[in-house]
Every structure is written in structure tokens, then in C-alpha cells.
Amino acid sequence: ILASSGAGRPAGCDAIRGLERFSKVVAAGAEAPAESAASVPLTYLGLFDGVRSFFASSEEARARGLRKAHFSFLTPEGRCEACAGTGRKTVSLDHLADVSGPCEACRGARYRREVLEVRVAGRTIADVLDLTAAEGASALSGLPKVASGLALLAGIGLDYLRLGQPLDTLSGGERQRLKLAAELAAPPPGRVLYLFDEPTTGLHPSDTDRLLRLFGRILEAGHTIIAVEHDLDLISRAGHIIDLGPEGGSEGGTVVAAGTPEAVAASAASHTGAALRSYRGRGPTRRP
């Protein structure tokens, strides 16, 4: 009901009440959060400038006359000209699908050779982009803002994500969590309404548990979360459930049951209630 009709009016409802209680609405859908295919987690979170400044301030970079611009794979000063900083080359073949592989000039490193000759604490700028979020939080502990941002990624189950991984290669669930990390890194004043579409998609149960712990901290801070979800772990730990049905697609759209997990589980007409009864019988339910 929060979708726009395109004319600035809510779609699918007569009115929306209560939005004045929030200073911001964050819709974390599964679409790619990148502005371009060249975007990577480190640039999307606004952390790459700090890393580039760190390299540019090194004694070796200054001795070579390299500036901050040289440590970007998007600028003419720094990028490999053969692949334009993408690290890959694509060959078009007649009547066949395009073939893509690592750039032969930079071997996938994205940078000019002279930039890759600069090492700080034993690493080149390309080595940093190849670190995972967990590795980066440790290796870049001397840069507090960068380290805290990467620790936040690790805290929402993206510890394995490589800092230079193109965002258009991420799954829908990874994109949502990356957007959430960007929002949490610079929270706005006031209360925020977060909207999620299947946020647990593709997550290991341990990662789902970490995500729900983060949701708990968001709720404790006074914010609100609305999620479209089928994962019973998340549903069983919700504060309020709206079960739409009775079936899916054209057979659904009616509110079958609403209320706490206990109330929905007690509904004989709700398929979700039946699933919750079975799920709750397998162990204790925790609230975020």
C-alpha cells in the first residue's frame, strides 16, 4: 500500500495513516543498489575515499608522485586502460554468446602497473579490494570509519563479501542487507520505517539469526520494520503478523488472520497459523 501510483498518490488504498510519525521510509528491495556496474561494496558504503587517502598519504605514493585519484579504478590516472578499470575483457563472437575473462594487461587487478607497485602494510590497493568484509575490518583497523563500516557488514552476515565485488553480482538478499548497512552507517534523526521484501532469502540459518538480532537492535532504537516474508523463524519472532490468503496469487489478497504469532497460530483458517503451530512445537520461540 506504500507503492506510488506514479502521480504522487498511494496505490491500492484510499489513504495512508501514521507516516507522519516517521522521519524517513527506507525501502530495501532486491533490486541492485548500484548506480553503475562499476560500483562495489567499498564505494557503495562511502568508505573507499578513506582507503584511497590512506594509500595516497603513504611515503611510497608520495615519492612516486601518486595522488588520491591514482588509487581509484574509475579515474584515468589510476585505472588500467586496457579494461577501463573493470578488470575484465569481453570478446564478442559471431552467432555465439559473448565470452568474458580477466584482463590480460592487469590480470584482473583493475589498476595501472605503477599504482600496483605501491604497497602499504604489504598490500596493494587491489589486494585491499580482494579482502572480505571480515578481513578488511581487521586489516584496516587503523581507519576507524572504514573498520566500523566493514564490521557492520560482518554483523549482518556479509562477512564473506569481497570489498571489490561488483554489486550486480549480488543476490537479492545480499543487496537488501547492503542497503541496510548503508542506512545504518549514517542513521537519520528521528524514527525510520524500514520495508523489506523477503530479507532472509538465501541466508544460512546462522546468518538469519544474526540478521534478526540486528533487527532487534533497530527496534530497540525506536524504529519500525515491515517485512514481506515466508521464513517461519522470522514470522515466529515478529511483533505483529498480517496473514494474507487464503491461498496465493489470484486466490489470495484477503486478511485471514492478524495479531501476535500466538494469535495467528490459534487461527484454524490460516495456513500460516498451521505452519506456526508445527514450527513452535519444535522448539522455543525467541523474539528479536
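Author: A residue is called buried when its relative accessible area is under 20%, exposed when that area is over 50%, and partly exposed in between (1.4 Å probe, protein chains only). By that scale Arg 210, with a relative accessible area of 23%, is partly exposed. The model is a predicted one, in which local features need pLDDT of at least 70 and side-chain atom pairs count only at pLDDT 80 or more, while totals for chains, interfaces and linings use all residues. Residues are numbered from 1 along each chain as its sequence is written, and side-chain values use heavy atoms, with hydrogens and water left out.

The term salt bridge is used here for a side-chain nitrogen of Lys or Arg within 4 Å of a carboxyl oxygen of Asp or Glu. Side chains of opposite charge can pair when their charged atoms come close. Across the whole structure, a search finds 15 salt bridges. One of them joins Arg 210 to Asp 159, with 3.3 Å from N to O. Arg 210 belongs to helix 9, whereas Asp 159 sits in the loop between helix 7 (144-155) and helix 8 (172-185), so this pair ties together parts that are 51 residues apart in sequence. Helices (H or I, at least four residues) and strands (E, at least two) are DSSP runs, numbered from the N terminus.

A second pair is made by the side chains of Asp 49 and Lys 68, which meet in a salt bridge with 4.0 Å from N to O. Here the link runs from helix 2 (residues 48-56), which holds Asp 49, to the loop between helix 3 (59-64) and strand 2, which holds Lys 68, and therefore parts that are 19 residues apart in sequence are tied together. Asp 49 is partly exposed, its relative accessible area being 40%. Lys 68 is partly exposed as well, with a value of 31%.

Arg 79 counts as partly exposed at 23% relative accessibility. For Glu 81 the figure is 45%, and this residue counts as partly exposed too.

Salt bridges can also be joined to one another. In this model Glu 60, Arg 64, Arg 113 and Glu 117 are linked in a network of salt bridges.

Contact means heavy atoms within 4.5 Å. Among the contacts in the chain with a separation of 6 or more, 57% are between residues 24 or more positions apart.

The interior is described by its nonpolar cores, each a set of buried Ala, Val, Leu, Ile, Met, Phe, Trp, Tyr and Cys residues joined through side-chain atoms within 4.5 Å. The largest nonpolar core has 51 residues, and Leu 42, Val 51, Phe 71 and Leu 150 have the most contacts inside it. Among the elements that give two or more residues to this core are helix 2, helix 7, helix 8 and helix 9. Helix 9 gives the most, with five residues. The helix that carries Arg 210 is thus also one that supplies this core. Around Val 51, the residues touched are Leu 42, Ile 125, Val 128, Leu 140, Leu 143 and Val 146, leaving aside residues up to four places away in sequence. There is also a second, separate core of seven residues, including Ile 235, Ala 238, Ala 265 and Leu 276.

Most residues other than glycine have a negative phi, and most peptide bonds are trans. Arg 107, although not a glycine, has a positive phi of about 55°, and Arg 110 likewise has a positive phi, near 80°. Arg 107 lies in the loop between strand 3 (99-102) and helix 4 (113-116), and the place of Arg 110 is in the loop between strand 3 and helix 4. Yet Arg 107 counts as exposed, at 77% relative accessibility, whereas Arg 110 is buried, with a relative accessible area of 9%. Elsewhere, the peptide bond from Gly 245 to Pro 246 is cis, with omega near 5°. Pro 246 is found in the loop between strand 6 and strand 7 (254-259).
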